Amino acid sequence: MIAAAALIELGRLLFFDPRLSANQTQSCASCHLPELAYTDARPVAIGSTGEHHTRNVPTLTNVGSRGISLERQAMRPLLRTHPIELGALGHEREIMSRFASDPATRDLFVGAFPREAKPFTLRNAARAIAAFERTLVSNDAAFDRAAHGDHEAMSDDAWRGLKAFSAHGCASCHSGTNFARGDDVPTLRNVMLTAPYMRDGRARTMDEVFERHAPELNCDERASIVALFRALTAPVVSGDPGARPLLTAPPK
Ligand code: HEC
Ligand code: HEC
C-alpha cells in the first residue's frame, strides 16, 4: 500500500477505535456518528469519563473543505481536560503501545510513516485521522445535481428557499458550497440530520433556530428554506477526495 492510502486507512481505523481514549470507552465516532452526519443527537457532548461538554457536536460533513486545520483540531479531543473527551493527556505512551503491539495497526503505522523510526505518536495518529476526515464528502445532494445543471433536481420550493436565503443575507455568513465560514459559521449541509442545533445545543428543532436566529423570516420563507435544507441533505461518504470536486459557488 502506498503511504497516502495507508495513512487514510490508519485514520479510518483510529477514528472508530476506542483504544484511542485512555479508559478505552470512547472513539471519535462515539460523538461523531456516521449515520447522523457525524453528530450525536445530544444537546451537548459527553466525554469518556462522563463529563458534560458545553458544546453541541458539529457535523463533519465536508470538513476537509471548510478551512479547518484538521491535524491540530484532532489533538483537541485527545488532550483536552476541561472537559475530558478522550482523556489521552498523560496516557500517550500507554495508548500508543496498544497500537504498536497490535499487528494490524502496527503495520499501518509503519506503512503510513515509512521514513520514521518511531511512528507511534499521538501526533501521527492525529495526522492519519485528519487524512481520513478529508475523505468525508457529501456532494450528491439535490442541490449539487442542480448546481451541475439539472435544474429539476431541486423542487420549486427549494429554489424559492435559495432566493430567500440570499435575499435575507444568510449567504453572507453561510457562504460558498458548504454554506459555512471557517470554524465560526457552521455548515448547513445535512443540517436536517443534526438536531439539536446551535453551538450550545439550545435549539431542539429548526423552528427554534428560526425563532432565535432568523425571526425576520415569515412562515412561507421558513418552509422554503427548510426545503432548501432538505436539498442539502445527502449521505457523507468516505471516498477519493479528488473524485468529484465540490463546486466553489452555489448555483444561480
Ligand atoms: C466527547 C465527544 C467528542 C469526541 C470524543 C470527539 N469530538 Fe470532535 N467535537 C466535539 C465537540 C463538542 C466539538 C465542538 C466544540 C469543539 O471544537 O470542541 C467537536 C468539534 C470537532 C471538529 C470541528 C468541526 C467544526 O465544524 O468546527 C472536528 C474536525 C472534530 N471534532 C473531529 C474529531 C476527531 C477527529 C475526534 C477524535 C480524535 C473527535 N472529534 C472526538 C465532540 C467530540
Ligand atoms: C452574521 C452571520 C450569520 C448570518 C447572517 C446568518 N447566520 Fe446562521 N449561523 C451563524 C452562526 C455563527 C451560527 C452558529 C451560532 C450558534 O451556534 O450560537 C449559525 C447557525 C445557524 C443554524 C444552525 C446550524 C447548526 O447546525 O446548529 C441555522 C439552521 C442557520 N444558522 C440558518 C441561517 C439562516 C436561514 C439565515 C438567514 C435568515 C442565517 N442563518 C443567517 C451565522 C449567521
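This note walks through the predicted model above, point by point.

1. **Ground rules.** Residues are counted from 1 along each chain as its sequence is written, while chains are lettered from A and ligands numbered from 1 in the order in which they are written. Since you are looking at a predicted model, local features need pLDDT of at least 70 and side-chain atom pairs count only at pLDDT 80 or more, whereas totals for chains, interfaces and linings use all residues.

2. Across the boundary, 16 residues of domain 1 are in contact with 15 residues of domain 2, where contact is defined as C-beta atoms, placed from the backbone, lying within 7 Å. The side of domain 1 that touches domain 2 has six nonpolar, eight polar and two charged residues. For these classes, Ala, Val, Leu, Ile, Met, Phe, Trp, Tyr, Cys and Pro count as nonpolar, Asp, Glu, Lys and Arg as charged, and the others, Gly among them, as polar.

3. **The largest core.** A nonpolar core here is a set of buried Ala, Val, Leu, Ile, Met, Phe, Trp, Tyr and Cys residues joined through C-beta atoms within 7 Å. Buried is defined as 20 or more other C-beta atoms within 10 Å of a residue's own, exposed as 12 or fewer, and partly exposed as in between, with C-beta atoms placed from the backbone. The largest core has 33 residues, and Leu-10, Leu-14, Ala-112, Ala-128 and Ile-129 touch the most other members. Two or more residues each come from α1 (3-15), α2 (28-31), α3 (70-79), α4 (92-100), α5 (103-112) and α6 (122-133). Helices, by the way, are DSSP runs (H or I, at least four residues), numbered from the N terminus. Which helix gives the largest share of this core? That is α6, with eight residues. A second, separate core holds 19 residues, including Ala-158, Ala-180, Leu-188 and Val-191. As background, nonpolar side chains in soluble globular proteins tend to be buried together.

4. **Helix α5.** Have a look at Thr-105, Leu-108, Phe-109 and Ala-112, which are buried in α5. Seen down the helix axis, the buried residues of α5 fall within an arc of 100°, so they line one face of the helix; the arc is that of the directions from the axis to the C-beta atoms. Their cover includes α1, α4 and α6. Take Ala-112: leaving aside its neighbours within four places in sequence, it is in contact with Ala-3, Ala-6, Leu-7, Leu-10 and Ala-128. Asp-107 also sits in α5, but Asp-107 is partly exposed, with 13 other C-beta atoms within 10 Å. Asp-107 and Ala-6 are 101 residues apart in sequence, yet 9.1 Å apart in space, C-alpha to C-alpha.

5. **Helix α3.** Here the buried residues are Ala-74, Pro-77 and Leu-78. They cover an arc of only 105° around the axis, which puts them on the same side of α3. They pack against α2 and α6. Arg-72 and Arg-76, on the other side of α3, are exposed.

6. **The two ligands.** Ligand 1 has 24 residues around it, the closest being Cys-28, Cys-31, Ala-45, Arg-55 and Pro-77. To count as near, a residue needs its C-beta atom, placed from the backbone, within 6 Å of the molecule. The largest share of this shell, six residues, comes from α3. By class, the shell around ligand 1 has 14 nonpolar, six polar and four charged residues. Around ligand 2 there are 20 residues, of which Cys-170, Cys-173, Tyr-197, Arg-199 and Ala-214 come nearest. That shell divides into 12 nonpolar, six polar and two charged residues.

7. Most residues other than glycine have a negative phi, and most peptide bonds are trans. So what kind of peptide bond joins His-82 and Pro-83? A cis one, with omega about 0°; Pro-83 lies in the loop between α3 and α4. The bond from Ala-195 to Pro-196 is cis too, with omega near -10°. Gln-24 has a positive phi near 60° and lies in the loop between α1 and α2. Phe-179 has a positive phi as well, near 50°, and its place is in the loop between α8 (156-167) and α9 (206-213). Buried or exposed? Phe-179 is buried, with 23 other C-beta atoms within 10 Å, whereas Gln-24 is partly exposed, with 13.

Methods. Contact = placed C-beta atoms within 7 Å.
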